[in-house]
Amino acid sequence: MWCMIRTGRRCASPALIVLSLAIACPAAGAEIHLGCAASNDLCVALKAAGVEVRRADDPAATIRSAPAGSAVFLLADSYPAERLALTDTLWNEAHEKQLRVYAEFPSVLPGQSLGATRATKWERLITSTAEFEPGLPELAILMAHDCHYIPMPLTNPLVVVAKVAGFNRAVFGLPKDASPILARHDRGFVATTKLSGFAAARFAPAGEWETLWNWILREMGTGAAIRYTPTVRATFQNDQPLPTGWQRESLARSVAWYNNAGLLVSPERRPTVETQLRAGVEVAPEAGPVDRGGDGRHGVLEGYSSEVRFDGHQRQRLPLRADCQAESAMVYASEFLLSDSPENRRRAENLLNFLYGDSRMHRGVRGQPEHPAFGLIGWGAIAPAWEIANYGDDNARAMLATMFVAGALNSSSWDEALLKALVANLRTTGRLGFRGDRIDIGPLEQHGWKHYENAATVNYSPHFEAYPWACFLWAYRHTTHAPFLEKSRTAIAMTMKAFPAQWRWNDNMERAHMLLPLAWLTRIEDTPEHRAWLTGVAHDLLAAQDECGALQERFRGGGGHYQLPASNEAYGTTETPLLQENGDPVSDQLYVSGFALLGLHEAAAVLNEETIRRGADKLAEYLARIQTKSEVYPYLDGTWFRAFDYRRWEPWGSSGDVGWGAWCIEAGWAQAWGSAIMALREKGTTLWDLTAHSAVARHWDAVQTAMTRNAGDPWKAPTKEEPGS
């Protein structure tokens, strides 16, 4: 690999680092001596800043060649496999020569007993002093991904590592078990981990790491300073004009990401993935794309885990989710809608055929008319914990994406499967129009589907309930089956009466989801009340929109599995938002931005209101700007991480979610919808209009007949002698 200096020159480096001159004025007589490989990030950054350095490959040669009193940086290039090779003799030589030594990840430190190397899981780095101010305040949080550190009892550490809650700051203070990371030692500093890999390991936030390193350089008497641009970054700056055709280009880059990410399962890899899923493995042991030979026939993996390795790579999440199959197909179909690409059409078709056929997520007991789960779509394939679950919102997003693909490809191939899923979800929805979060196979067999249909369930959670209502309203449009409209109308009215104080999380995620059913209800029944509901939620959502287009996260609910950490100990124990407190400048591209763009796009078409239309425009522009750009990691180019700090203008957030942290990437969810709506905006149409000519109703009689083969009673599995065994 190579690195690029802003002048355009190339030099050897393990990671691409875009660097520019900041300050290059070493103090009179000061020299910088480096013991490291030429590719070390600090070495590359100093040279790019115009600083003259003297470098040797090993610490012994550096110490022996450095003049007395000079600044010496001994850097751990074999990290984390090997500690920096130092001895008491070398330390004594450095002391006698009065060298100012910065040493990291050392094998020996005089007077210290070094423990076994530890690796972080939820721990982050925290400043434990006010010495770095004003640029870096005390208790500021830094991320050194996959940090391997040596426990040692250093006195008065400047930076420590610990599990803490917070967005920018450790809001509950430092725990007692915080371990030193950086401390003064003799005339210099010692770091218990490798801090000089800030670019290769994608440390964050970049500005804070610049501040820390420039402080160290200053304290070491070098007079030098560095600047660097991360190897994975936003495509455009906030104040940078977007080029002509930016929506089309954003969608094309999103499709390229799907092709480069290695998430499409190849025939050769499929047996390995299935074995891993059966064993309960959810994250691939290898980093980066394992292969790129898939075309959708064997499905698409969930995405990339949030954990960034010490070398800057990420690992794939293996689950074969139903929603990701359909929503990934939708992205390919979106590109086909603009380009008529046969390859994109074929991949979209393959993914939906896998979902409704080969994957068995719509087969097995869900494919048996006699079973109460008939017609539902499983949460995921193969893995036992995923096979048994039936989430209403996941079913809905799979159905909505199927509608999109069918409309974009002008295909009726999945109409019967779609109608079965619509009816199956309707009959497991309570009489007030609420379905609840999930209905798993076991309880469904125990109670029968009629138990759920007759229940007076109330669930003021648009995240779980709103998209099923949108699906039912769409189904009513095409079938005129009254319960689709009646249940949706009743539940929507109750939910709007409860808005916003009684909504479970009272956040942007719930507002974003609520827009789609409100827009489609207004399509069907254009009343002043329905228009007022839609307008009110849209304006309330846009009240959180920053001038740059980001929707600032907010969270006023809580409880259950999705809540803010209330202590350091609670960080990393449940699903959680990206903020720690309202006001943190972060947007959520997994749960909010793409869904909000879909909702605002459909709402603007119904209301024809400039405020909402402009809000959608600004959000689309924001997404195009923050789309990832990386020359080093092609499998991360053209996607979106879950978190983006729109003040720092880089991916950052409180990354305490147990499965989907700040740097995670989903093949489906809001990322896919953000890309798809770019295509609808380019075509000047809506999802409602794109799917206007669906022929799904022609399967009504056949589906209804199949549905009657189970009367809704508790399931009694047939014996071998009984029919249907």
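Modeller: Four strands form an open sheet in the order S19-S21-S20-S25, with antiparallel pairing. Strands here are DSSP runs of E of at least two residues, and helices are runs of H or I of at least four, both numbered from the N terminus; two strands pair if DSSP finds at least two bridges between them. The model is predicted: local features need pLDDT of at least 70 and side-chain atom pairs count only at pLDDT 80 or more, while totals for chains, interfaces and linings use all residues. Residues are numbered from 1 along each chain as its sequence is written, and side-chain values use heavy atoms, with hydrogens and water left out.

The edges of this sheet are strand S19 (283-287) and strand S25 (665-666); each has a single partner strand, so one side of each lacks a neighbour in the sheet. S19 and S21 run antiparallel and are joined by two bridges. In this pairing alanine 287 faces arginine 315 of S21.

S20 supplies the largest share, four residues. The lining has 24 residues in total, and Lys121, Ser305, Ser306, Glu307 and Val308 lie nearest the centre of the pocket. A pocket is an open set of points on a 1 Å grid over the protein atoms alone, where a 1.4 Å probe fits and protein lies on both sides within 12 Å along at least five of seven lines; lining residues have an atom within 4 Å of a point. The space in this pocket is about 460 Å³, taken as that filled by probe spheres set on the points, which are joined across faces, edges and corners.

Within it, strand S10 (residues 124-127) and strand S13 (residues 159-162) are antiparallel over four bridges, and arginine 124 stands opposite alanine 162 in S13.

Elsewhere in the chain, lysine 629 belongs to strand S23 (residues 628-629). Its relative accessibility of 32% makes it partly exposed, that is, between buried (under 20%) and exposed (over 50%), with a 1.4 Å probe and protein chains only. Not counting residues up to four places away in sequence, lysine 629 touches Thr231, Val232, Arg233, Ala234, Thr235, Arg253 and Asp637, where contact means heavy atoms within 4.5 Å.

By contrast, threonine 522, in helix H16 (residues 508-524), counts as buried because its relative accessibility is 2%. With neighbours within four places in sequence set aside, the contacts of threonine 522 are His530, Arg531, Leu534 and Val606.
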